[in-house]
Amino acid sequence: MNSKVKNIIALSIPTGVGAEIGGYAGDAGYIAREFSKYFKVIVNPNVVNAGILSAVNNDMYYVEGYAFDEFFNGKINLNPVKKFNKIGVIFDKAIPENILNLHLNTIEAAKIVKGYDIPYYEITKEPVGVGLTKDFSGVSTGRIENEKTLYKAAQNLIKKGAQALAVVCFFSDECEDENYNNGKGVDPIGGIEAVISHYLTREFMVPCAHAPAFSGLDIGFEIINKKVASEFISSTYLPCILDGLSIAPLISKTGGISNKYAKCLIAPADALGSKAVISALNNKIEVCAVNNKTVLSIDCNKLKENGIITKSNIITEFQSYQDCLKYIRDKYE
């Protein structure tokens, strides 16, 4: 590999859609790391987050889903950082004291071991209240019962100087899903996690990511599916988002990296209906559609039927991420 400046690409695997690769717990992280050997890779947190583990590295731009969409729509730019972001952490008032203490210890460990800048945390004045649902296609989603208390906590942290927001909301035991635990179903909380981070990113235009907290400790002692294994070796999911947010690019309207610098956007071949994909096509950015089955059915044919793919758009299909990497290396490296 030569020493020239790396080209920028993007790897998107939406959360809560049951992606065969990347729909679980950091199980697409190794793919992102392979791409990052040759390119700077914009990733949504779902690709690299894995509880106590994270696949993120300094050749990745960790960009929350709302900002990811807005970047490809040309509405925002990404500003890479040279030192760790100052992270503010929001804790849901509903989190039991013993579980809160575990997370506070996690923050202190991240500060002393990795040198992260996490000077502030805020407990919401009232419980946030999260509800889980699935839409007609089986995609997980949900609702925030008390947006105002979340907003105020974020606002206080931003006023204190936080450049990025880590959010930890409390989830009840209804989140357990045997299919997901066996590496077959849809992440039951992925959708509402996206709702939370989208909301705060949209309101404050700072990097944001969410980690769930539960009433008990989730460490498991039986052998489970490798796709979700990282979720059963730790009692907190906070470490991975601190890893990502510490180096996440800041968001601005000018300067930094615009979508014009992105060579291509890689997405699952049946999940091409996202705002990011549509915007990439509209802005003549190549979309690489990889065979990675989800519960969705928005493929190239659907886009052609709706007039979204035209002669001036570029979309290329691949059977695997390895094939896609070879193609973009030959074309862009």
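# Exercises on a predicted model

Apart from neighbours within four places in sequence, Asn 225 has contacts with Asn 181, Asn 182 and Gly 183, where contact means heavy atoms within 4.5 Å. The structure is a predicted model, in which local features need pLDDT of at least 70 and side-chain atom pairs count only at pLDDT 80 or more, whereas totals for chains, interfaces and linings use all residues. Residues are numbered from 1 along each chain as its sequence is written, and side-chain values use heavy atoms, with hydrogens and water left out.

## Exercise 1

Step 1. A polar atom of the Asn 225 side chain lies 2.8 Å from the backbone nitrogen of Lys 227.

Step 2. As for a residue elsewhere in the chain, Lys 304 is 79 residues from Asn 225 along the chain, and the two C-alpha atoms are separated by 37 Å.

## Exercise 2

Is Thr 149 buried or exposed, and which residues is it in contact with?

Step 1. Thr 149 is part of helix H5, which spans residues 147–160.

Step 2. With a relative accessible area of 6%, Thr 149 is buried.

Step 3. Once neighbours within four places in sequence are set aside, the contacts of Thr 149 are Thr 124, Lys 125, Glu 126, Pro 127 and Val 128.

## Exercise 3

Identify the residues that touch the most other members of the largest nonpolar core, and follow the contacts of Ile 266.

Step 1. A nonpolar core is a set of buried Ala, Val, Leu, Ile, Met, Phe, Trp, Tyr and Cys residues joined through side-chain atoms within 4.5 Å.

Step 2. The largest such core has 75 residues, and those that touch the most other members are Leu 11, Phe 35, Val 48, Leu 150, Leu 200, Ile 266 and Ile 328.

Step 3. Beyond its neighbours within four places in sequence, Ile 266 is in contact with residues including Ile 9, Leu 11, Phe 35, Cys 288, Val 290, Tyr 321 and Ile 328.

Step 4. A second, separate core has 28 residues, among them Phe 68, Phe 72, Ala 269 and Val 277.

## Exercise 4

Which residues of helix H9 are buried, and what covers them?

Step 1. Helix H9 (residues 275–282) has as its buried residues Ala 276, Val 277, Ser 279, Ala 280 and Leu 281.

Step 2. Their cover includes helix H3 (65–72), strand E14 (262–268), strand E15 (286–290), helix H10 (300–305) and strand E16 (315–318).

Step 3. After H9 comes Lys 284, which has a positive phi near 60 degrees.

## Exercise 5

How many salt bridges does the structure hold, and where do the partners Lys 331 and Glu 286 lie?

Step 1. The structure holds 12 salt bridges, each being a side-chain nitrogen of Lys or Arg within 4 Å of a carboxyl oxygen of Asp or Glu.

Step 2. One of these joins the side chains of Lys 331 and Glu 286 (3.0 Å, N to O). This pair links distant parts of the chain, since Lys 331 is in helix H11 and Glu 286 in strand E15, 45 residues apart.

Step 3. The accessibility of the two partners can then be set side by side: Lys 331 is partly exposed, with a relative accessible area of 42%, while Glu 286, at 2%, counts as buried.

Step 4. Asp 330 also forms a salt bridge, with Lys 326, and the closest N and O atoms are 3.1 Å apart. Because Asp 330 and Lys 326 are 4 residues apart in helix H11, about one helical turn separates them. Asp 330 is exposed, with a relative accessible area of 59%, and Lys 326 is exposed, with 54%.

Notes: Helix = DSSP H or I, 4+ residues; strand = E, 2+ residues; numbered from the N terminus. Buried < 20%, exposed > 50% of the residue type's maximum accessible area, 1.4 Å probe, protein only. Polar contact = N/O pair within 3.5 Å; in protein donor to acceptor, adjacent residues only side chain to side chain.
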